[in-house]
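Here are some notes for a colleague who is looking through this entry. Please read them alongside the sequence and the coordinates.

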Amino acid sequence: NDQETSMKPFWLKVISLNLLLLSSAPSWGAVDKRSNITFDDTVNQEGMALQLTGTGVRTAILGIKVYAMAHYLQPGASQAEADANKRIVMHFLREVAGEKIVGSYKDSLEQNNSSVFENTATHTALKPHIDSFLKAVNHTVNPGETLELHYLPKKGLKVVSGGQISTINSPQVAQMVWNIWFGPNPPSPGKKLKESLISLLK
């Protein structure tokens with residue numbers, strides 16, 4: 001009985017330690033099964049924790065995987081088009097030359113923001129900001145490197161790429177960039193990519 005009594009505190013300590021370890025275990029994030037890339041469940045931006053809304057993979061001809069991506073949105077926002085803090089993180093799976101990135105984004109901007117490009121006055125006013133965005137992404141990326149886009153409501157867009165941080169001071173251009181993936185003509189695999197990026201939204 002004395003031995004049994006003396007063992008109780010030990011086992012209680014073991015159980016308490018296991019519970020503590022479980023409760024303090026780090027969040028390992030979400031794994032995109034199409035690319036096997038793990039993305040954080042949350043990211044900090046402007047002092048708030050943005051929530052993961054979904055992941056996806058951008059493909060090219062013959063289904064070649066170009067990059068895996070994740071989309072984040074501030075709590076309380078109900079859709080990716082909202083004027084709210086949000087972020088896109090791209091994890092490249094293959095080498096892509098800067099000129100190809102620029103060409104792809106330029107085409108997608110035009111395809112998903114036709115009203116801007118069809119209005120000469122509006123396009124002329126926004127062109128310097130559009131050019132600044134294209135310049136910010138104009139460099140070769142290698143497998144494993146990331147490119148981040150931070151949407152800042154009422155401010156514009158922050159581009160984190162190639163070790164550089166660029167700021168685009170135009171809320172309208174920031175929304176135009178978001179339209180690349182959430183507009184009427186998202187890149188391959190098209191609608192499936194758009195839907196997968198918001199699959200966790202409730």
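The points below take up a helix pair and then a loop residue.

1. The model is predicted, and the remarks that follow should be read as descriptions of computed geometry.

2. Helix 2, which spans residues 98–112, packs against helix 5, residues 171–182, at an angle of about 90°, and their axes lie 8 Å apart. Because angles of 65 to 115 degrees count as roughly perpendicular, helix 2 is described as roughly perpendicular to helix 5.

3. On the helix 2 side this contact is formed by Tyr105, Ser108, Leu109 and Asn112, while helix 5 contributes Met176, Val177, Asn179, Ile180 and Trp181. Sorted by class, the contact of helix 2 with helix 5 comprises six nonpolar and three polar residues, with no charged residues.

4. Turning to the loop residue, Asp83 sits in the loop that runs between strand 5 (65–73) and strand 6 (86–92). Its relative accessible area is 39%, and Asp83 is therefore partly exposed, since that class lies between the buried limit of 20% and the exposed limit of 50%.

5. Which residues does Asp83 touch, leaving aside its neighbours within four places in sequence? Asp83 is then in contact with Tyr151, Pro153 and Lys154. Tyr151 is 68 residues away from Asp83 along the chain, and the C-alpha atoms of these two residues are separated by 8.5 Å.

6. The side chain of Asp83 takes part in a polar contact of 2.9 Å with the side chain of Tyr151, and a polar contact of 2.6 Å joins the side chains of Asp83 and Lys154.

Technical notes: Residues are numbered from 1 along each chain as its sequence is written. This is a predicted model: local features need pLDDT of at least 70, side-chain atom pairs count only at pLDDT 80 or more; totals for chains, interfaces and linings use all residues. Side-chain values use heavy atoms; hydrogens and water are left out. Axes are lines fitted to C-alpha atoms, for helices over the stretch in contact, and angles run from 0 to 180 degrees between N-to-C directions. Helices (H or I, at least four residues) and strands (E, at least two) are DSSP runs, numbered from the N terminus. Angles under 35 degrees count as roughly parallel, over 145 as roughly antiparallel, 65 to 115 as roughly perpendicular and the rest as oblique. Contact means heavy atoms within 4.5 Å. Ala, Val, Leu, Ile, Met, Phe, Trp, Tyr, Cys and Pro count as nonpolar, Asp, Glu, Lys and Arg as charged, and the others, Gly among them, as polar. Buried means under 20% relative accessible area, exposed over 50%, partly exposed in between (1.4 Å probe, protein chains only). A polar contact is a pair of N or O atoms within 3.5 Å; within protein, one must be able to donate a hydrogen and the other to accept it, and residues adjacent in sequence count only if both atoms are side-chain atoms.
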